[in-house]
Amino acid sequence: NPLGGGAPRAAPGPGGAINDPYMGISFDPPPGWKYQKKGAVYVMGHMTMPGMILVMPHNYNSAQEVMAASNGPIYQGQDGQLMLTSAPQAVSQNMLVSDFGGVLGGQQAKGRIICLLSPYGGGILILAGTNASSYSPQYASLAESVAKSVRFSKPQESPEAQQWAMKLRGRRLVT
């Protein structure tokens with residue numbers, strides 16, 4: 001189980017919500033889905049349902065920026081590449097939705113991606129998908145349920161960033 005072990009760094013909120021004050025988000029994982037935070041990415045998996053849901057930050061500040069970036073791969077690595085298979089559609093002022101497909105880990109993959117724009121700048125991407133043979137509209141519904149539960153807040157500075165700021169305050173950096 002790739003999601004086993006390792007404590008998440010964000011605290012669960014009321015009703016099982018994930019609350020991450022450093023990313024400035026809180027959201028509800030779908031019932032039955034477990035999560036782990038790896039770097040800045042929340043990875044969710046289910047014990048009996050194949051695939052995963054990812055929640056990760058982005059730095060886009062407008063729908064136009066999202067559209068301009070939508071022509072390239074959404075993921076490219078040694079184990080595959082994922083591309084949008086439909087143009088992003090604005091479903092509200094701060095939400096764009098698209099589908100994706102490609103190859104991941106040597107298998108055909110398919111899913112839904114939702115881009116949410118935060119009123120504080122940037123935002124998050126929600127990807128829900130699985131191998132193409134197991135894909136159903138249920139994955140789009142999972143992504144949409146996570147998106148509907150998202151609440152943005154002004155991101156707080158992490159204790160690590162505060163420590164570095166204190167160490168660097170008044171110092172000159174040379175190259």
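Visitor: How many aromatic pairs does the ring rule count here?

Guide: The count is three aromatic pairs. Under that rule, rings of Phe, Tyr and Trp (its six-membered ring) pair if their centres lie within 6.5 Å, and planes under 30 degrees apart are stacked, over 60 edge-to-face, the rest tilted. Bear in mind that this is a predicted model, where local features need pLDDT of at least 70 and side-chain atom pairs need 80 or more, while totals for chains, interfaces and linings use all residues. Residues are numbered from 1 along each chain as its sequence is written, and side-chain values use heavy atoms, leaving out hydrogens and water.

Visitor: Which pair is tilted?

Guide: Y35 and Y42, at 5.9 Å centre to centre with 55° between the planes. Both are buried (under 20% relative accessible area; over 50% is exposed and in between is partly exposed, with a 1.4 Å probe and protein chains only). Ring pairs also link Y35 and Y42 with F27 in a cluster.

Visitor: Why does the pair Y135 and Y139 count as stacked?

Guide: Because the planes sit at 25°, with the ring centres 5.6 Å apart. Y135 and Y139 are both buried.

Visitor: How should I read a nonpolar core, and which residues have the most contacts inside the largest one?

Guide: In soluble globular proteins, nonpolar side chains tend to be buried together. A core here is a set of buried Ala, Val, Leu, Ile, Met, Phe, Trp, Tyr and Cys residues joined through side-chain atoms within 4.5 Å. The largest has 27 residues, and F27, V55, I114, L116, I124 and I126 have the most contacts inside it. Among the elements supplying at least two residues each are β6 (52–58), β11 (107–117) and α2 (137–149); helices (H or I, at least four residues) and strands (E, at least two) are DSSP runs numbered from the N terminus. Helix α2 gives the most to this core, six residues. Another core, of 13 residues, lies apart from it and includes L54, M56, F100 and I113.

Visitor: What does V55 touch?

Guide: Leaving aside residues up to four places away in sequence, V55 touches I25, F27, A40, V41, Y42, M44, I124, L125, I126 and V146. Contact means heavy atoms within 4.5 Å.

Visitor: And the whole protein: what share of its residues is buried?

Guide: Buried residues make up 38% of the 175. The protein has three helices and 13 strands. Among contacts with a separation of 6 or more, 46% join residues 24 or more positions apart.
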